[in-house]
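Dear colleague,

I am handing over the structure below, and my notes on what was found in it follow directly after. Please read them alongside the coordinates when you have a moment.

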Amino acid sequence: MDQVKKKWQFPFAVKRRVTVSLKVPVVILLVLFGLIPMILCTHATIASVRQNQIEARMAEVQNQCQILSDKLTRAGYLNGTDRSIMNSEIETVADIFDGRIVVVDQNFRIVEDTFHIAENRLHIAEPVIRCYQGETMNRYIKNRHYFVQTTPIYDNTAEKAVQGVMIITSSTEPLMSLADAVHDKAVLLQSIVFFVVLLAGIAVASCLIFPFKEFQNRLNHVAQGALDTDISTDSYKETQDISRAVEMTITKLREVDQSRQEFVSNVSHELKTPITSIRVLADSLMGMGEVPVELYREFMEDISDEIDRESKIIDDLLSLVKMDKSEAELNISQSNIYTLVEQILKRLRPIANRQKVELIFESIREVTADVDEMKLSLAITNLVENAIKYNKEDGWVRVTLDADHKFFYIKVSDSGIGIPEEAQDRIFERFYRVDKARSRETGGSGLGLAITRNVVLMHKGAIKLTSREGEGSTFTIRIPLNYIA
């Protein structure tokens, strides 16, 4: 069974994405941009040279044929005179242009053929007929590399009637051979240029990639733990922007690492403090001889309080851990926010009365929203509890509920001691306390506001603080009425 599974898995295992160095596309682009224009120019030049040579040859042949035709006219070549002298000249012209000349009389009979294979034969063809009508023809047969030129031969009279036709067929093979030789030289030159451009492309690509390699080496040092490594690279604007972005990321990583260390230190300290107190109280009890019941009860109450404090810290830590998990889910349901806040304040009113703090609830309108009642209740409870704990005697805490067409708002204001401006940016950090001495007196764990912020963020909401030292604080929560996952 395992072999069968391996057999089926093998094709998928080989489908791995192959990554290439940035040098490869850079070199390819440089080579292409260097060679393609050269190849196109070479091809166009050779084609132009071939065409120009053929046109020049055709013009030269046409000119020589006209001269020869005039000579044949003056010599009365088609009138039956001695043709030997003119035949020699016709053969000379044919040899010069590497071709064949055929002379046809007005009866369409061939009277001269420089190849001596068609004399006295009839040659009735469209070009010959048109030439008798006064039209000359000059046609190039590209696929067979030759051209045909027809030239009329006139009689030696004033009327200049067409007496015959001279047809010359000239090969362009020598011209093609010359062009092919030039093409071969061009291909050789292109090969040399290709290797030169390739080497130059590799050198240029190496120079272009060098800043990125240097940047990568610095990042490798960072990856090994050297977070203080200077990774700034100003060679290019791109590397400068990338290095700045990475520096910002590393700075955040340093802050996260420092926050993690502080968090571990704070957790250790917070968990150890109640245990130490319990140990001291227990040792004191065991070290006494006969302990009065009242003192024994007092010590046991203190131990119970420390145990409750330890339990609350652990519960808050567990709540934070659950909220930090990416798979943390909300049990969303349609809830009456007015009723929810009213129940929270009902539970906290006895605490407020003991602190001599007036608890006020103002609801501008009824609000129904999609929320997780348990988590939102925890967040609101933390805010109201803090407002009561850090308040003044005969102070007040006002909770206001409002909404618009998109969000609902819960505002918790107090007349308490306020929060210094320099501490407001860190107030939502875990275990952060503005006044540590007072926090220990009130029994806070330093996790309440961190939990509140996480709950609000899980609901796609926002939380804002406005405070002035000695004048109280106001926390405002904004949460969408309709939850969208």
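In this predicted model, the buried residues of helix H8 are Ile337, Leu340, Val341, Ile344, Leu345, Leu348 and Ala352. What covers them includes helix H9 (373–389) together with several strands, among them E6 (333–336), E7 (358–363) and E9 (396–403).

At its start, a side-chain oxygen of Asn336 comes to within 3.0 Å of the backbone nitrogen of Tyr338, while the residue Lys356, which follows the helix, has a positive phi, near 60°.

Within strand E9 lies Thr400, which counts as buried because its relative accessibility is 16%, the cut-off being under 20%. Leaving aside residues up to four places away in sequence, Thr400 touches Glu362, Ile364, Tyr409, Ile410 and Lys411.

Elsewhere, helix H2 (residues 23–75) and helix H3 (residues 84–96) pack at an angle of about 175°, with their axes 11 Å apart, and that angle makes H2 roughly antiparallel to H3. Where the two helices meet, Leu68, Lys71, Leu72 and Ala75 of H2 face Met86, Glu89, Ile90 and Val93 of H3 in contact.

Technical notes:
Residues are numbered from 1 along each chain as its sequence is written. This is a predicted model: local features need pLDDT of at least 70, side-chain atom pairs count only at pLDDT 80 or more; totals for chains, interfaces and linings use all residues. Side-chain values use heavy atoms; hydrogens and water are left out. Buried means under 20% relative accessible area, exposed over 50%, partly exposed in between (1.4 Å probe, protein chains only). Helices (H or I, at least four residues) and strands (E, at least two) are DSSP runs, numbered from the N terminus. Contact means heavy atoms within 4.5 Å. A polar contact is a pair of N or O atoms within 3.5 Å; within protein, one must be able to donate a hydrogen and the other to accept it, and residues adjacent in sequence count only if both atoms are side-chain atoms. Axes are lines fitted to C-alpha atoms, for helices over the stretch in contact, and angles run from 0 to 180 degrees between N-to-C directions. Angles under 35 degrees count as roughly parallel, over 145 as roughly antiparallel, 65 to 115 as roughly perpendicular and the rest as oblique.
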